[in-house]
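Dear colleague,

Please find below the structure that I am handing over to you, with its sequence. My notes on what was found in it follow directly after.

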Amino acid sequence: MSTVVRLGYVAMSVHLENSSPSQTMTFAQFQRVKDHEAAIRKLERIALSNLENCLRLLKHNAWSEIEFFRFSSKLIPLANHEALKEWNYIAPLKDALQRISVFLKEHPMRVDFHPDHFVVLNSTDKEVFKHSIQTLRMHQKLLKGMDIPLQNRCVLHVGGAYNDKEKALEQFIHNWGLVPQSLQQMIMLENDDTTFHIKDVLYLCEKLNVPIIFDLHHQANNDETSWQEHWDRIIRTWEQETLPLKMHISSPKSDKEFRAHADYIDVNGFYSFLKEVNGTIPQIDCMIEAKKKDEALFQLVRDLKSYEDVEFINSSTFYIKS
């Protein structure tokens, strides 16, 4: 059995002009609009434009046979700002969200989110934790508005170490009990490049029954044991899930800036990884985290086609002949 590999990219395209789904408005700009209701309407217009661009990106993906995509988490500016608690931001977006829903039903693809670093579930600060829950609820509302099943849709990092990594891991477990189950089901946990390595995240994932997002580049940024020693455990965290195992791929920008993401993916390193895991699992969905977004995906496809044992199923999905 060969492992099917599906490629995806993050949030924006370098090929579609004026298609940012992350247009924003700062709170300072909001305050400069003297009429409060007019300021709210401006926020809603920006959010609608972001969703329209999101639909354009999905159409671009369908035309390009890309079946895996990460939504921007900045679709609705100031959605969780303390001063805008009464704003029902979803109501004016329902039609736009439904247009995305209809398109995804006609052109199925895996879509998800990666909420920003302000979502910290292991924080001991009650306000930080509260804001994290609010941000997850916003993502939940967006998913529901697009009729997307909630299971395995939000990638999170563990959070801060707070000078005691073991205590921070136990704090995550404690706080997890305070996270509503409807939000728990959305969450996947990823190893990071500085603090919580693959073995740390696996500890949480196995204890809490959460799938892990394996980031190969992040793993290479630390001195722990090799990823090969953990591969079987990584696979097992996905055994009860309906979606295929997901991982992140990127390449270092340079030897000096090893943690930073490069414009493109180093095909040789990626191919070597795939040769090692080929046949161990039916499918892997690989999210490309590269500066050149969709062009990095297209370039990786072109590079992979130079290998005689790589067989493409469509423009972004392939397998290595065993």
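I begin with a loop residue: L78 is found in the loop between β2 and α3 (94-106). Please bear in mind throughout that this is a predicted model.

**Two residues with positive phi**

The phi angle of L78 is near 60 degrees, a positive value in a residue other than glycine. Most residues other than glycine have a negative phi. L78 is also buried, because its relative accessible area is 17%, and the cut-off for buried is under 20%.

E65 likewise has a phi near 60 degrees, again a positive value in a residue that is not glycine. The place of E65 is in the loop between α2 and β2 (68-70). Its relative accessibility is 36%, so E65 counts as partly exposed.

**Strand β1 and its partners**

Strand β1 comprises residues 4-10 and is mostly covered, with six of its seven residues buried. Which strands does β1 pair with, and in what sense?

- With strand β8 (residues 283-288), β1 runs parallel, and six bridges join the two. In this pairing, Y9 has I288 of β8 as its bridge partner.
- With β2, the pairing is parallel and extends over two bridges. Here V10 stands opposite R70 in β2.
- With strand β10 (residues 317-320), the pairing is antiparallel and extends over three bridges. R6 stands opposite T317 in β10, and V4 has Y319 of β10 as its bridge partner.

Strand β10 also pairs with strand β9 (residues 310-312), in the antiparallel sense and over three bridges. In that pairing, F312 has F318 of β10 as its bridge partner. β9 and β10 form a hairpin, with four residues between them.

**H60 in helix α2**

H60 is found in helix α2, which covers residues 36-63. Is the side of the chain at H60 buried or exposed? H60 is buried, because its relative accessible area is 11%. Not counting residues up to four places away in sequence, H60 touches Y9, S13, H15, L16, D294 and F298. One of these contacts, Y9, is the residue already named as the partner of I288 in β8.

Strand β5 (residues 187-190) is covered on both faces. I187 and L189 lie on one side and M188 and E190 on the other, and all are buried. In a regular strand the side chains alternate between the two faces of the sheet.

Strand β5 pairs with strand β4 (residues 154-157) in the parallel sense over four bridges. V155 stands opposite M188 in this pairing. Strand β5 also runs parallel to strand β6 (residues 212-215), to which two bridges join it. There, E190 stands opposite I213 in β6.

**Helices α5 and α7, and W176**

How do the axes of helix α5 (residues 165-176) and helix α7 (residues 198-208) cross? The two axes come within 11 Å and cross at roughly 25 degrees. That makes α5 roughly parallel to α7, because angles under 35 degrees count as such. The crossing of α5 and α7 is right-handed.

On the α5 side, the residues in contact are K165, L169, E170, F172, I173 and W176; on the α7 side they are D200, Y203, L204, K207 and L208. The residues of this contact divide into seven nonpolar, no polar and four charged.

W176, which lies in helix α5, deserves a paragraph of its own. W176 is buried, because its relative accessible area is 8%. Leaving aside neighbours within four places in sequence, W176 is in contact with L121, Q184, I187, L208 and V210. Among them, L208 belongs to the α7 side of the helix contact, and I187 is one of the buried residues of β5. The C-alpha atoms of W176 and M188 are separated by 13 Å, the two residues being 12 apart along the chain.

With kind regards

Conventions
Residues numbered from 1 in each chain as written. Predicted model: local features only at pLDDT ≥ 70, side-chain atom pairs only at ≥ 80, totals over all residues. Heavy atoms only, no water. Axes fitted to C-alpha atoms, helices over the stretch in contact; angles between N-to-C directions. Parallel < 35°, antiparallel > 145°, perpendicular 65-115°, else oblique. Left-handed = near helix turned anticlockwise from the far one by under 90°. Contact = heavy atoms within 4.5 Å. Nonpolar A, V, L, I, M, F, W, Y, C, P; charged D, E, K, R; others polar. Pairing = 2+ DSSP bridges. Buried < 20%, exposed > 50% of the residue type's maximum accessible area, 1.4 Å probe, protein only.
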